[in-house]
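Here are my notes on the model you passed along. Have it open while you read.

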Amino acid sequence: MNKNKSLNNIISGFAGQLITVALGVIIPRLVLLNLGSEANGLISTVTQIFTYFALLEAGVGNAALQSLYGTVGRKATVETNSVLAATQYYYRRTGVIYFVGVLLVSIIFPLAVKSSFSFWTVFAVTAFGGLGGVVRYFTQAKYLMLIKADGRNYAETNISTVINILISITKITLLYLGCNVVVIQAMYFGYSVLTSVIYVLYVHRSYPWLNLKVKPNLQALSKRNSAFIHQISAMIFNSTDMLILSILDNLKVVSVYGLYSLLFSMVSTAIGTINGSVQYKLGQSFNTKSKEEYLRMHDTFEVYNMALVCSLYCVAGAFILPFLRRYTAGVTDINYIDAYLPYLFIATYLMNNGRESSNMVIKFAGHFKQTQLRTVLESAINLIVSLIGVHYFGIYGVLFGTIAALLYRTNDMIIYANRKILNRSPWKTYRRWIVNILLFLVFSVGLRWFLSHVSLSTYPRIVLWAAFSCLITVPAFFGIASLLERDIYLYAKSLLVPYLKSMRQKVIFLLGRNH
């Protein structure tokens, strides 16, 4: 059953990702052409604010997830119900605070942002952007914790894919009808309500034993306050760049930042799809298996996650500027082509994605209180350096702030996770980083030399050459990682073979049924 869950997570994740990428590429260009860079920058900023503003609930969510890995892994339904009842209790208690926060941001942001839009336009766009999160906070959030702990990420992916398709179709229609940015944002809110209804129906059908009227196990979420501090820091860290640019620069510059971020984050989402498909196994293993067994899974994840992250961003970095030249053709209100921005964005994404193995083990161990000051310091470094940097370097300055904070916190996570939780030297993780960064540099130079001899003047050529580059680069990174870590390779092979057999059996069954 667990094998099928992971397989379903990966298949549905990639199918959903392909659709999301296609729609994610089409929609922003339509916004740029129909509403302009300023409207695109406004939407990007509001989305960024509330994407991470919603993470305020994850103080409860992370603590609940850490407890649910154990109860779900042991198939203890009574304990699971009590943890979920406690989760619901805390969500409801803090939901009003969240709602007030949305209203305050909706009032303050229009006063602070540099924009030609009226106060009420920015207010409405901001309010609609936040109210969808309020609905999510009160309804589906607690159920998502159960879905993730049980390894049913494919359900979340499938629901999100369907909703994203509906949103995209509606958004394209509204743009062609000439609707303004407020109407488009109101549409998002409507679909947020629909999404919550779907989640409630799905969970109650899939878990008939679910009962949130039992006595809540509040002790299971005793680490929520420390986790909450982590999420406040994460919100500040992740939303700083666009906020600073929108206030100290202008929304057109935010649009440039948002477009680069959008394209690179598509790679991050693809990586997250793979990570999410196996994270529940790692979480359950940490809470229910021996330390030796968990360490083998942890090292396997770390080796191949680093290889995947570095290889994909190597390819992305080589193709982003040729793609943007085509993508922004006809947009004249600001220049989107910058030779240095890709390198700065890649640096942030490499560190943010590459440290995931250390980040996960800290969460699995519930070491929220022990590391809360460290995550606050990460946010402080980002904020201080960004505020100073934007003054002198503009958009580069906010990225300098992010890189400075990541340099500190990534190293801190590696050292803490290895020494304090895994009780071993961090050198093994650093050695893997060194190998992958060297490979990244070599392949980046090689790709750029090769691409200088081919034409990338059309979308089909860009897509085909990018696919070809992935077929060479990704296996090369994985192959070298396997050669250097023979034990990890053999263990990964023992885990992967059953999945491949299961996939083969499914294909044979489907082909046989069709005939």
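The points below cover the ground rules, the cores, one threonine, a surface patch and the cysteines.

1. Ground rules. This is a predicted model, with local features needing pLDDT of at least 70 and side-chain atom pairs counting only at pLDDT 80 or more, while totals for chains, interfaces and linings use all residues. Residues are numbered from 1 along each chain as its sequence is written, and side-chain values use heavy atoms, leaving out hydrogens and water.

2. The main core. The largest nonpolar core has 125 residues, and Tyr260, Phe264 and Tyr313 touch the most other members. (A nonpolar core is a set of buried Ala, Val, Leu, Ile, Met, Phe, Trp, Tyr and Cys residues joined through side-chain atoms within 4.5 Å; buried means under 20% relative accessible area, exposed over 50%, partly exposed in between, with a 1.4 Å probe and protein chains only.) Helix 11 supplies the largest share of this core, 20 residues. Helices here are DSSP runs of H or I, at least four residues, numbered from the N terminus.

3. A separate core. Another core, of 5 residues, lies apart from that one, and includes Val303, Tyr304, Ile488 and Ala492.

4. Tyr260 up close. Leaving aside residues up to four places away in sequence, Tyr260 touches a list that includes Ile320, Leu321, Leu324, Tyr336 and Phe345. Contact means heavy atoms within 4.5 Å.

5. Thr300. This threonine sits in helix 11, which spans residues 291-327. Is Thr300 buried or exposed? Thr300 counts as buried, because its relative accessible area is 11%. Beyond residues up to four places away in sequence, Thr300 touches Ile488, Tyr491 and Ala492.

6. A greasy surface. Have a look at the nonpolar patch formed by Val96, Phe99, Val100, Leu103, Leu104, Ile107, Ile108, Leu111 and Phe138, with about 800 Å² of accessible area together. (Patch residues have over 30% relative accessible area and no salt bridge, and nonpolar side chains, meaning Val, Leu, Ile, Met, Phe, Trp and Tyr, are joined within 5 Å; areas are Shrake-Rupley values with a 1.4 Å probe; a salt bridge puts a Lys or Arg side-chain nitrogen within 4 Å of an Asp or Glu carboxyl oxygen.) Helix 4 (residues 77-112) gives the most, with 8 residues. Leu103, in helix 4, is partly exposed at 34%.

7. Cysteines. The structure holds 0 disulfides, a disulfide being a pair of cysteine sulfur atoms within 2.5 Å. Cys310 is in none, and the nearest cysteine sulfur, that of Cys314, is 8.8 Å away. Cys310 is buried at 2%. Cys470 is partly exposed at 26%.

Note on methods. Helices (H or I, at least four residues) and strands (E, at least two) are DSSP runs, numbered from the N terminus. Patches are made of residues with over 30% relative accessible area and no salt bridge: like charges are joined within 9 Å, nonpolar side chains (Val, Leu, Ile, Met, Phe, Trp, Tyr) within 5 Å.
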